Amino acid sequence: MTLQRIKTLTQFIVERQSQYPQAKGALTRLINDIATAAKIVNREINAAGLVDILGFEGADNIQGEAQKKLDVYANERFIEALKGGGECCAIASEENEKIISFQNEFSEMGKYVVAIDPLDGSSNIEANVSIGTVFSIYRRISDLGGGKLEDMLQPGINIVAAGYVIYGSSTMLVYSTGHGVNGFTLDPSVGIFCLSHPDMRFPEPPTIYSINEGKYASFPAGVKKYIKYCQVEDPVSFRPYTSRYIGSMVADFHRNLIKGGIFMYPGTTKQPKGKLRLLYECNPVAFIAEQAGGRASDGYKRILEIEPKTLHQRSPLFIGPKSMVEKVEEFLSKPAND
Ligand code: AHM
Ligand code: MG
């Protein structure tokens, strides 16, 4: 690729911003802050086998799960970058019990709030499996001053921008501001994200289903039936589908966005609301999925329309191409003995 043909993330967002003369660049700067922190986290992840950063930190996070050192490191880097950047007035992180609110020292604006899972899928770190960062950005609804809980408890339909970073065989930032989805691959030699996947859409026909089938016995009847439907031979609808499950939501979602497939994390008998958190995990990928022509549902309704009651609430998640998500919703809406 010649240099003239490369479009960097910064060029791309500045270009996009110039289409909106009223925009003052705050969102652009905020996304840049996230990208900068992602590069620092990426460097540490790449060096994980070399330095003493793998393993447990010794504390549990608010979900009662042991925090890995890299979880803590990533959380600190994103908080620093967002606080220092001056464009947001509060952060809700999967790693912190309460919101982190700051009166912005650098700007009287601070008109955005950010919900973030700094390092999702961290149980995969030791095995060199892809992990990710997931984020969503909302406009604050409270008056000026430090951000408040109410700013965070907004439904996903209020998202202004959302995205994820996948630390995989290459590192990518995928994001949307509500005008389609674009993906940028990090060139590690120069530390720049370059546009590599413009206007991402779920391809047709989709052929992959992703779910932790080890939990099959405790899934709702409709999900069990949908899994069987995926496995039935029917060349017209390209079944049987291929099963793929990494156990890292960002990586599973990203593969399905590129190759065409559904990711499911249903409720189980032990955890009726599933495992994934609405604010940090479900909402941002739901926003991306819809912008890529797909659908995200809790099995019955659109994820983005759920009114959050608490910061760390969980939700079942069915996400991917519209046709696949609608099919699983159809199975779930039937009586159990049907
Ligand atoms: P985490 O936030 O503690 O990393 O957990 C979330 C992860 C997701 O990335 C992934 O989809 C899911 O947990 C896998 O869970 P399971 O091991 O139950 O299949
Ligand atoms: Mg997570």
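**Entry 1: where ligand 1 sits**

I began with the position of ligand 1 in this predicted model, and found that domain 1 (9-197) and domain 2 (208-333) both give residues to the shell around it, so ligand 1 lies between them. I then asked which residues of the shell come nearest, and noted that, of the 18 residues around ligand 1, these are Asp-120, Gly-121, Tyr-245, Met-249 and Tyr-265. By class, I sorted the shell into five nonpolar, five polar and eight charged residues. Looking for secondary structure elements that supply at least two residues of the shell, I noted β5 (112-120) and β13 (261-265) among them.

I next looked up the polar atoms around the ligand, taking the residues one by one. A polar side-chain atom of Asp-120 is 2.7 Å from an oxygen atom of ligand 1, while in the case of Gly-121 a polar backbone atom lies 2.7 Å from an oxygen atom of the ligand. For Tyr-265 I read 2.6 Å between a polar side-chain atom and a ligand oxygen. As to cover, ligand 1 has 470 Å² of accessible area on its own, and the protein covers 85% of that area.

**Entry 2: the two domains**

I went back to the domain assignment of the protein chain, which gives domain 1 (9-197) and domain 2 (208-333). The contact between them takes 50 residues from domain 1 and 32 residues from domain 2. Their C-alpha centres I found to be 23 Å apart.

**Entry 3: helix α6**

Since Met-249 is among the residues that come nearest to ligand 1, I followed the chain into helix α6 (residues 249-259) and asked how many of its residues are buried. I counted nine of eleven, and I therefore describe the helix as mostly covered, with buried meaning under 20% relative accessible area. The buried residues of α6 are Met-249, Val-250, Ala-251, Asp-252, Phe-253, His-254, Arg-255, Asn-256 and Leu-257, a list in which I noticed Asp-252 and Arg-255, which count as charged. After α6 comes Gly-260, for which I read a positive phi, near 95 degrees.

I looked up Asn-75 in helix α3 (residues 69-85), and since its relative accessible area is 7%, I recorded it as buried. Its side chain has a polar contact of 2.9 Å with the side chain of Asn-96. Not counting residues up to four places away in sequence, I found that Asn-75 touches Ser-93, Glu-95, Asn-96 and Pro-118, and Pro-118 falls in β5 (112-120), a strand that supplies at least two residues of the ligand shell.

I then turned to Gly-156, which has its place in the loop between α4 (149-152) and β7 (159-167).

**Entry 4: backbone geometry**

I kept in mind that most residues other than glycine have a negative phi and that most peptide bonds are trans, and I went through the exceptions noted here. The peptide bond from Glu-204 to Pro-205 is cis, with omega near -10 degrees, and I placed Pro-205 in the loop between β10 (192-197) and β11 (208-210). Another cis peptide bond joins Arg-239 and Pro-240, with omega about 10 degrees, and here the proline belongs to the loop between α5 (221-231) and β12 (242-243).

That loop between α5 and β12 also holds Phe-238, whose phi is positive, near 60 degrees. I recorded Phe-238 as partly exposed, because its relative accessible area is 46%. For Asn-128, too, I read a positive phi near 60 degrees, in this case in the loop between β5 and β6 (131-139). With a relative accessibility of 76%, Asn-128 counts as exposed.

Notes
Residues numbered from 1 in each chain as written. Chains lettered and ligands numbered in written order. Predicted model: local features only at pLDDT ≥ 70, side-chain atom pairs only at ≥ 80, totals over all residues. Heavy atoms only, no water. Near = heavy atom within 4 Å. Polar contact = N/O pair within 3.5 Å; in protein donor to acceptor, adjacent residues only side chain to side chain. Areas by Shrake-Rupley, 256 points an atom, 1.4 Å probe, with all protein chains shown as cover. Helix = DSSP H or I, 4+ residues; strand = E, 2+ residues; numbered from the N terminus. Domains from an automatic or database assignment. Contact = heavy atoms within 4.5 Å. Buried < 20%, exposed > 50% of the residue type's maximum accessible area, 1.4 Å probe, protein only.
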